[in-house]
Amino acid sequence: MSLSLFDLKNKVALVTGATHGLGMAMAQGLGRAGATLVINGASSQTKLDAAVAEYTALGLQAHGYLFDVTNETQVIENIQRIEQEVGSIDILVNNAGIIKRTPLEDMEVKDFEQVIKVDLVSPFIVSKHVVKGMIAKGEGKIINICSMMSELGRNTVGAYAAAKGGLKMLTRNMATEWAKYNVQVNGIGPGYFATSQTAPIRKEGHPFNDFIISRTPAGRWGDPEDLQGATIFLASKASDFVNGQIIYVDGGLLATIGKPANEN
Ligand code: GCO
C-alpha cells in the first residue's frame with residue numbers, strides 16, 4: 001500500500017483552537033504529513049503569533065488567524081481571508097472547545113449556554129461556511145473533536161457532555177448530508193490526555209488521576225502526539241470511504257467496564 005494515501009502535500013488545513021494542547025498536536029501531525037496549516041486562536045494575537053512561531057520552528061508552514069469561532073460574522077470574514085491569502089480549505093478540524101466543571105444543580109444557565117455555544121454551535125458555524133468551498137471543489141475533510149463525554153457522563157461536566165454528545169450526532173448528520181459532495185465528515189474522541197485542560201484533575205495524588213490510570217487499560221494518560229495518526233488518517237485519501245465515524249483514541253477506556261482496585 002502506498003504511503004501517498006496519507007500524503008497531505010498541497011492541502012490546506014484549518015485547525016481551530018490550535019495555539020496549544022491537543023489542537024496544536026493534531027495540527028503538527030497534519031503539518032508533518034505535508035499540509036499547509038491555518039491556525040486559529042481566539043484569545044490574543046500574542047499567543048497566536050507565539051504558536052505560529054512554534055510551528056515554523058518545527059519547519060512547518062503555518063499561518064495564524066485570530067477570530068472567535070462562535071461569531072458567525074468573524075468566521076465568514078476570516079474564511080474569506082484565508083481562501084484569498086492561503087488557499088481554499090481542504091481539511092477542517094473543529095477542535096476549539098471549553099469545559100466548565102460544576103454540578104448541574106449549581107450551574108448558571110449562562111455558563112451552560114456558553115459551553116454549548118463554543119463546543120457544539122461553533123463547529124456548526126465554521127463547518128457551514130467552510131463546506132461551501134469543499135462542495136464547490138467536489139472534495140473535503142471535516143474532523144470534529146468529540147470526547148469520552150460523547151459516550152459517557154461524569155460528575156460536574158454535564159454541559160460539556162451535552163455538547164460533545166451533540167457533536168457526535170452533528171458529525172453523523174454532516175456526514176449524511178455532505179457525503180454526496182465527496183466531503184467526508186468524521187470525529188475523533190480523545191480519551192484522557194495530559195493537557196492544560198486536564199491539569200487540574202491530573203495532579204499527582206489527585207483521586208481522579210489515580211482513577212483514570214486504573215480505568216484506562218493502557219494505564220496512562222494520553223500524550224497529545226497519540227492523536228496524530230487518527231488525525232492524518234481522517235484528513236487523507238486513506239479515509240475517502242469513511243463517513244460519520246468517531247475514532248476513539250482512548251487507551252481502551254471505552255472498551256472496558258474497568259477492574260476492581262485489587263486486580264492487576
Ligand atoms: C473531564 C476531562 C474530560 C477530558 C476529555 C475526555 O473533566 O472529565 O476534562 O472532559 O478532557 O474530554 O474525552
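My entries on the packing follow.

I'm working from a predicted model, where local features need pLDDT of at least 70, side-chain atom pairs count only at pLDDT 80 or more, and totals for chains, interfaces and linings use all residues. Numbering starts from 1 along each chain as its sequence is written, and side-chain values use heavy atoms, with hydrogens and water left out.

Helix pair. I looked up H1 (residues 21-32) against H8 (residues 228-235): the angle is about 55 degrees and the axes are 9 Å apart. Helices here are DSSP runs (H or I, at least four residues), and strands likewise (E, at least two), numbered from the N terminus. The axes are lines fitted to C-alpha atoms over the stretch in contact, with angles from 0 to 180 degrees between N-to-C directions.

Who touches whom? On H1 I noted Ala25, Met26, Gln28, Gly29, Leu30 and Arg32; on H8, Gln228, Thr231, Ile232 and Ala235. Contact means heavy atoms within 4.5 Å.

Cores. A nonpolar core is a set of buried Ala, Val, Leu, Ile, Met, Phe, Trp, Tyr and Cys residues joined through side-chain atoms within 4.5 Å; buried is under 20% relative accessible area (1.4 Å probe, protein chains only). The largest has 31 residues, and Leu30, Leu37, Ile39, Tyr55 and Ile188 have the most contacts inside it. H1 gives this core its largest share, 5 residues.

I then checked Leu37: leaving out residues up to four places away in sequence, its contacts include Ala13, Ala27, Leu30 and Tyr55. A second, separate core has 23 residues, among them Val12, Phe67, Ile89 and Met134.

Methods
Buried means under 20% relative accessible area, exposed over 50%, partly exposed in between (1.4 Å probe, protein chains only).
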